[in-house]
Amino acid sequence: MAARRRTAEALRAAGTPPWNVDFTRDGTALEALRRLTAYEQADRAGEPPVVRVAGRILGLRSSGGLAFADLHDESGRLQLMADRGGAPAPFEWLTGLDLGDIVGAAGPLVRTRRGEPTLRVGEGVLLAKALRPPAEKFHGLRDREARYRRRHLDLLSTPGRRRPFVQRAAIIGALRAELDRRGFLEVETPILQPIPGGGRARPFATRHHAFDQDLFLRIALELHLKRLLVAGFGRVYELGRVFRNEGLSPRHAPEFTMLEAYQAHVGREGMVELTEALVGKAVAAADAVPGTAETERTVDLRPPFRRARMVDLVRDAVGIDVLAGWDAPEELAAAARSLGVGLPPDPTPALVLVACYEERVERTLEAPTFVLDHPVETSPLARRLPDDPRFTERFELVAGGRELVNAFAELNDPVDQRERFLEQARRREAGDLEAHPMDEDFLEALEHGMPPAGGMGLGVDRLVMLVTGAAAIRDVVLFPTLRQGEAGAGPDPAERAGGSPTL
RNA sequence: GCCGCCAUGGCGCAGUGGUAGCGCAGGGGCCUUUUAAGCCCAGGGUCGCAGGUUCGAAUCCUGCUGGCGGCACCA
């Protein structure tokens, strides 16, 4: 690095500023290749195309009087070449570059002896000197911590690793396009909330100084979107970050992206249809990203998806028939315990069912499956089944052993809603930190009348993981949350220690 | 929060109690069609941090920090 600083200073002294230089290109590397191909297909009529490209130098090879460099831009790679005899100034320029430098280059396109499309440099301009080298050029950054903490270095050193993030953007764009096409209104609701509701999770707490009041970061989008149904919007959705103060894992991050959509006058079936459509569009959008053919997708995400009731899944997988044993909760609990299923204290039949499902069934559901009819006790915002009030008109879409979507016919009975909040509040007082808090403001909205509606929430990061074949949520989040400790406080231990870098 | 594994030059890795090595990158040199170019030369590391055991510690022990994996909880 010291040598690079000297190089930069020498350039400045020689009247060639190493930064803040402009260069107008006439296309990307990919477009340059297309122009060369077109020229060749036209039987090389006339002069070869002259192009101006700009990008980062990630490979340098020189052999005496010939020098090559690999220029990478957002579209791909183009080789640069200069020879001492033919073009002394460009040759000196090219051999004086360092890996990582960002340059502009102009000249005719040719092919080398090996057939590599190559820009023969006529004019070369240094646009930004790299004082630090990229990571190792063959293996790139392998250390996971370094890759997450210094994502810019990871991505610049290994351009192919940008692809999942391009796919992510394509997926989010497709979700938005499909919802827009269906007439949903995209809205933005508060992230800072006095009462974090709409889900079961511990929130992050923060402090508003001017209000002298505690606020929480939202854990879900649900309650505000339902207020908008009350307000008269028939179809609304929000795509946004939510925050949950819970453990991390390859599939859990403290902040993640959620899509929630609400549609008046449709029930659960409408949400099934919408879910299948959105997943289908997401898959198509991701597959349309260039270079995606070799994506490793372990789960077939083509709709339609299987449907199964939770009670049936549990009965078939675990051998416990919760419906049959509903009136004998002690026996149900004993049966579950004898199979090694962990249960909360005083388990009701519903809690036995959910425990068996979550512990024994969910992770086994690889192929996308709509899991239907969750019990009321764990579904405080969902409408009851008309023919069985113990269960709700809810589903979760599970794929790859993980919940991807949670949806239901929304409860619009303010009396029932109040009772369920009270029940949740009792659990909260009993120490359940994730029980839903009482929310009078939301109840007041419901009391004005909310149309019957279906609602769904989709974990965008998980969808992106499934669609791109990523093993960890951190592989589809650009800058994942990491602990900030002494040892990992900054990117460069040498500089943090105050010593001079030894590069 | 608990359990296990990991941490060695800028990056990728080797080194299991006896003077820290290799490749890439960086520096110097050779080479006019290279593709992780090749060849020669010379550099660069308080082995994550702090203690301990030992004549002697990268190596064994303890604690701490960070990461990864699992459990618990959730999407």
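Chain A contains 15 helices and 19 strands. The model is predicted: local features need pLDDT of at least 70, side-chain atom pairs count only at pLDDT 80 or more, and totals for chains, interfaces and linings use all residues. Residues are numbered from 1 along each chain as its sequence is written, chains are lettered from A and ligands numbered from 1 in the order in which they are written, and side-chain values use heavy atoms, with hydrogens and water left out.

Along the principal axes, the C-alpha atoms of chain A fill a box of roughly 95 × 60 × 50 Å. Of the 503 residues in chain A, 49% are buried. Here buried means under 20% relative accessible area, exposed over 50%, and partly exposed in between (1.4 Å probe, protein chains only). The accessible surface of chain A is about 24500 Å², and carbon and sulfur atoms account for 53% of that area. Accessible areas come from the Shrake-Rupley method with a 1.4 Å probe; for residues, only the protein chains shown count as cover. Contacts are heavy atoms within 4.5 Å. Among contacts between residues at least 6 apart in the sequence of chain A, 65% join residues at least 24 apart. Chain A carries 68 positive and 74 negative charges, and their mean positions are 7 Å apart. Lys and Arg count as positive, Asp and Glu as negative; His and the chain ends are not counted. Each charge is placed at NZ of Lys, CZ of Arg, CG of Asp or CD of Glu.

A residue is near a molecule or strand if one of its heavy atoms lies within 4 Å of it. Of the RNA strand B atoms within 4 Å of the protein, 60% belong to sugar or phosphate, and the rest belong to bases. Several elements each supply at least two residues of the surface near the RNA, including helix H1 (2–13), strand E1 (50–63), strand E2 (66–73) and strand E3 (76–83). Helix H4 (144–149) and strand E18 (402–409) also belong to this group. The largest share, 4 residues, comes from H4.

A polar backbone atom of serine 62 is 2.6 Å from a base nitrogen of RNA strand B. An N or O atom in the side chain of glutamate 116 is 3.3 Å from a base nitrogen of RNA strand B. A phosphate oxygen of RNA strand B is 3.1 Å from a polar backbone atom of arginine 142.

Helix H7 (residues 222–231) is mostly covered, with 7 of its 10 residues buried. These are Glu222, Leu223, Leu225, Lys226, Arg227, Leu228 and Leu229. They pack against strand E11 (235–243), strand E12 (255–264), E18, helix H13 (440–447) and strand E19 (453–459). Just after H7, glycine 232 takes a positive phi of about 115 degrees.

Glutamate 410 lies in the loop between E18 and helix H12 (414–429). Glutamate 410 counts as buried because its relative accessibility is 0%. Its side chain makes a polar contact with the side chain of lysine 226 at 2.6 Å. A polar contact is a pair of N or O atoms within 3.5 Å; within protein, one must be able to donate a hydrogen and the other to accept it, and residues adjacent in sequence count only if both atoms are side-chain atoms. Beyond four places in sequence, glutamate 410 contacts residues including Glu222, Lys226, Tyr262, Arg383 and Met450.

Threonine 189 sits in the loop between strand E7 (185–186) and strand E8 (192–193). Threonine 189 is buried, with a relative accessible area of 12%. Not counting residues up to four places away in sequence, threonine 189 touches Arg218, His224, Leu225, Leu228 and Glu238.

Valine 477 is found in the loop between helix H14 (460–468) and helix H15 (493–496). Valine 477 counts as buried, at 18% relative accessibility. Excluding residues up to four places away in sequence, valine 477 touches Arg151, Phe165, Arg168 and Asp461.

Glutamate 136 lies in the loop between strand E6 (123–128) and H4. Glutamate 136 is partly exposed, with a relative accessible area of 43%. The side chain of glutamate 136 reaches the backbone nitrogen of phenylalanine 138 at 3.1 Å. Glutamate 136 and serine 157 are 21 residues apart along the chain, and their C-alpha atoms are separated by 7.5 Å.
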